[in-house]
Structure formats: structure tokens, C-alpha cells
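Have the sequence and the 3D view handy.

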Amino acid sequence: MPVRHPSLVKLSRDHHRALVLAARMRRSSADDARTLATQFLAFLDEADAVHFTEEERFVLPLLAQHLGSAHPLIARTACEHAELRARAKSWGERGCDRVTPEAVRATGELLHDHVRMEERELFPLIEAHATAEQLAALQTQLES
């Protein structure tokens with residue numbers, strides 16, 4: 001991953017953990033689908049409580065100040081967060097023992113692609129457009 005502004009380092013570290021899980025999910029088989037689905041639920045429970053919320057509360061509004069709230073990457077980020085939440089909710093309701101390896105692999109792909117988009121497109125936009133003061137404020141918000 002590229003060198004990040006200090007304000008985004010915490011989120012990039014979270015992304016590394018997501019990519020490790022996504023890689024395992026993308027190789028899911030009948031033998032490990034249930035385990036990986038359970039790990040995804042635990043991961044997303046934490047990510048939704050902290051990471052997604054921080055991005056939605058602080059990062060996306062900051063980007064919207066510079067590029068407008070209708071920017072495609074803002075919409076894509078929010079939509080993919082919603083899709084990941086919906087999959088986790090569905091798996092939680094049905095039970096992880098009923099999740100197919102295909103569903104695990106597809107969700108792993110979505111998680112992988114989502115993280116890569118944020119690292120390669122969303123974060124560079126923030127770094128390019130936000131002022132030093134805004135990035136410092138973002139860092140304070142994410143650390144508190």
C-alpha cells in the first residue's frame with residue numbers, strides 16, 4: 001500500500017486486516033465456508049461499529065466538501081458498506097452453516113475490491129484535496 005498521510009494510517013491498517021480476510025474468503029471451499037463466514041461476521045461487526053462509521057462520519061463528508069456529495073466514489077463507498085452490512089445481516093439471520101462457499105468467495109471479492117478502491121482512489125482524493133488543517137482535524141477525529 002502507498003505511504004498514507006498520518007490521518008489515514010489507522011484506516012489503512014484496518015484495510016490490511018480486511019484484505020487478509022478477503023484473500024482467505026476468495027479461496028473458500030466447502031470445508032472452510034462456515035468458519036470464514038463466522039470470521040467475516042465478527043470482522044464486520046467490529047468494522048461496522050468503528051471503521052465504516054468513521055469513514056461515513058468523517059472521511060466521506062470531508063471529501064464531499066471538496067468534490068460534492070454526489071461524487072461517484074462517495075456513493076460507491078456508501079453503497080458497498082451497505083451491501084457488506086446486508087450480507088452479514090443475512091448470514092447472521094440464516095446461520096453461517098447455511099452460507100455457501102460461492103457466497104463466501106463473492107463476499108471476499110466485494111471486500112477486496114472495496115478496500116482496493118478506497119486505498120487506490122478514495123484516499124488519494126482526500127490527500128489531494130483536503131487542506132493540511134482538515135487532515136489534522138481528521139486525524140484527531142479518528143484517534144478519539
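## Ground rules

A residue is called buried when its relative accessible area is under 20%, exposed when that area is over 50%, and partly exposed in between, using a 1.4 Å probe and protein chains only. This is a predicted model, so local features need pLDDT of at least 70 and side-chain atom pairs count only at pLDDT 80 or more, while totals for chains, interfaces and linings use all residues. Residues are numbered from 1 along each chain as its sequence is written, and side-chain values use heavy atoms, with hydrogens and water left out.

Let's start with helix α4, which covers residues 101-129. Helices here are DSSP runs (H or I, at least four residues; strands are E, at least two), numbered from the N terminus. The expected span of a helix is 1.5 Å times one less than its number of residues. For the 29 residues of α4 that should give 42 Å, and the end C-alpha atoms are 41 Å apart, which agrees.

Still, α4 has a kink of about 40°, centred on Glu-118. The bend at a residue is the angle between axes fitted to the seven residues ending there and the seven starting there.

## Ile-126, tucked away

Ile-126 also lies in α4, and counts as buried because its relative accessibility is 1%. Which residues does Ile-126 touch, not counting residues up to four places away in sequence? They are Leu-8, Val-59, Leu-62, Leu-63 and Leu-135, where contact means heavy atoms within 4.5 Å.

## Salt bridges

Side chains of opposite charge can pair when their charged atoms come close. A salt bridge here is a side-chain nitrogen of Lys or Arg within 4 Å of a carboxyl oxygen of Asp or Glu, and by this rule the count comes to 11. One of them joins Lys-10 and Glu-54, with the closest N and O atoms 2.8 Å apart. That pair links helix α1 (residues 6-26) to helix α2 (residues 33-67), with its partners 44 residues apart. Lys-10 is partly exposed at 30%, whereas Glu-54 is buried at 10%.

Glu-109 and Arg-26 pair up too, at 2.7 Å from N to O. Glu-109 sits in α4 and Arg-26 in α1, so this bridge ties together parts 83 residues apart in sequence. Glu-109 is partly exposed at 32% relative accessibility.
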